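Have the structure open and follow along.

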Amino acid sequence: AGISIESGDVLVTATITIPDVTKRTFYIPPASVAVVRGNTEGTVTVESGVTISVIGLRDVLSEMNADSIIASVDAEVIFVNDVGDTVAYVDFTFADGISAVYVYGIYTVRTSTQ
């Protein structure tokens, strides 16, 4: 017993569902974005916050708050974007004990150097 495909062509459509995975948004205020590494041209200040999407297990996300997310920018990698703002990419990690989640997307914040 079995299936025999004489033409050699096979088309399979599958739907994969991952139960209990969801997305949640968090706002990280500018004061919560750390500046790492020095900048030889002055002090870098984060001027804008950022709203991010985090995807992961529903149970983990329901227990999280913005304080569970560690945001930082590298002071040596600041650039001017398409609209003329001085910005930096934001890197994200999570507080100890938080796993099975990740930040979805690429995010920047406005910065200034004084």
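What follows goes from the overall layout down to single residues.

## Ground rules

This is a predicted model, with local features needing pLDDT of at least 70 and side-chain atom pairs counting only at pLDDT 80 or more, while totals for chains, interfaces and linings use all residues. Residues are numbered from 1 along each chain as its sequence is written, and side-chain values use heavy atoms, with hydrogens and water left out.

## The whole chain

Let's start with the parts list: one helix and eight strands. Helices (H or I, at least four residues) and strands (E, at least two) are DSSP runs, numbered from the N terminus. Reading from that end, the order is β-β-β-β-α-β-β-β-β. The radius of gyration (taken over C-alpha atoms) is 21 Å, well over the 13 Å that the globule rule gives for 114 residues, so the chain is more spread out than a compact globule. That rule is 2.2 Å times the number of residues to the power 0.38.

Along the principal axes, the C-alpha atoms fill a box of roughly 75 × 35 × 20 Å. Of the 114 residues, 28% count as buried; buried means under 20% relative accessible area, exposed over 50%, and partly exposed in between, with a 1.4 Å probe and protein chains only. Take the contacts (heavy atoms within 4.5 Å) between residues at least 6 apart in sequence: 69% of them join residues at least 24 apart.

Five strands make up an open sheet, in the order 2-5-6-8-3, and the pairing is mixed. Two strands pair if DSSP finds at least two bridges between them. Strand 2 (33-36) and strand 3 (44-46) are at the edges with a single partner strand each, so one side of each has no neighbour in the sheet. On average, neighbouring strands here are turned by 45° against each other, direction ignored; the axes behind that angle are lines fitted to C-alpha atoms.

Strand 5 (residues 69-80) and strand 6 (residues 86-94) pair in the antiparallel sense over eight bridges, and Val80 sits opposite Thr86 there. Strand 6 is also joined to strand 8 by three bridges, again running antiparallel, with Val87 opposite Arg110. Strand 3 and strand 8 run antiparallel too, joined by three bridges; Thr45 has Ser112 as its bridge partner in strand 8.

## The nonpolar core

A nonpolar core is a set of buried Ala, Val, Leu, Ile, Met, Phe, Trp, Tyr and Cys residues joined through side-chain atoms within 4.5 Å. The largest one has 20 residues, and Ile52, Val54, Ile69 and Phe92 have the most contacts inside it. Strand 1 (21-28), strand 4 (50-57), strand 5, strand 6 and strand 7 each give two or more residues. Strand 6 gives the most, with four residues.

## Aromatic pairs

How many aromatic pairs does a search of the whole structure find? The search finds two. Rings of Phe, Tyr and Trp (its six-membered ring) pair if their centres lie within 6.5 Å; planes under 30 degrees apart count as stacked, over 60 as edge-to-face and the rest as tilted. Phe79 and Tyr89 have ring centres 5.0 Å apart and planes at 35°, so that pair is tilted. Phe79 is in strand 5 and Tyr89 in strand 6, ten residues apart. Phe79 is partly exposed at 27% relative accessible area, and Tyr89 is partly exposed at 44%.

Phe92 and Tyr107 have ring centres 5.9 Å apart and planes at 90°, so this pair is edge-to-face. Phe92 belongs to strand 6, while Tyr107 is in the loop between strand 7 (101-104) and strand 8 (108-113). Phe92 is buried at 18%, and Tyr107 counts as buried at 15%. Setting aside neighbours within four places in sequence, Phe92 has contacts that include Val50, Ile52, Ile69 and Val103.

Ala88 is in strand 6 and buried, with a relative accessible area of 0%. Its C-alpha atom is separated by 6.1 Å from that of Val73, 15 residues away along the chain. Beyond neighbours within four places in sequence, Ala88 is in contact with residues including Val73, Phe79, Tyr107 and Val109.

Ser68 lies in the loop between helix 1 (58-63) and strand 5. Ser68 is buried too, at 10% relative accessible area. Not counting residues up to four places away in sequence, Ser68 touches Thr93, Phe94, Ala95 and Ile98.

Conventions:
Axes fitted to C-alpha atoms, helices over the stretch in contact; angles between N-to-C directions.
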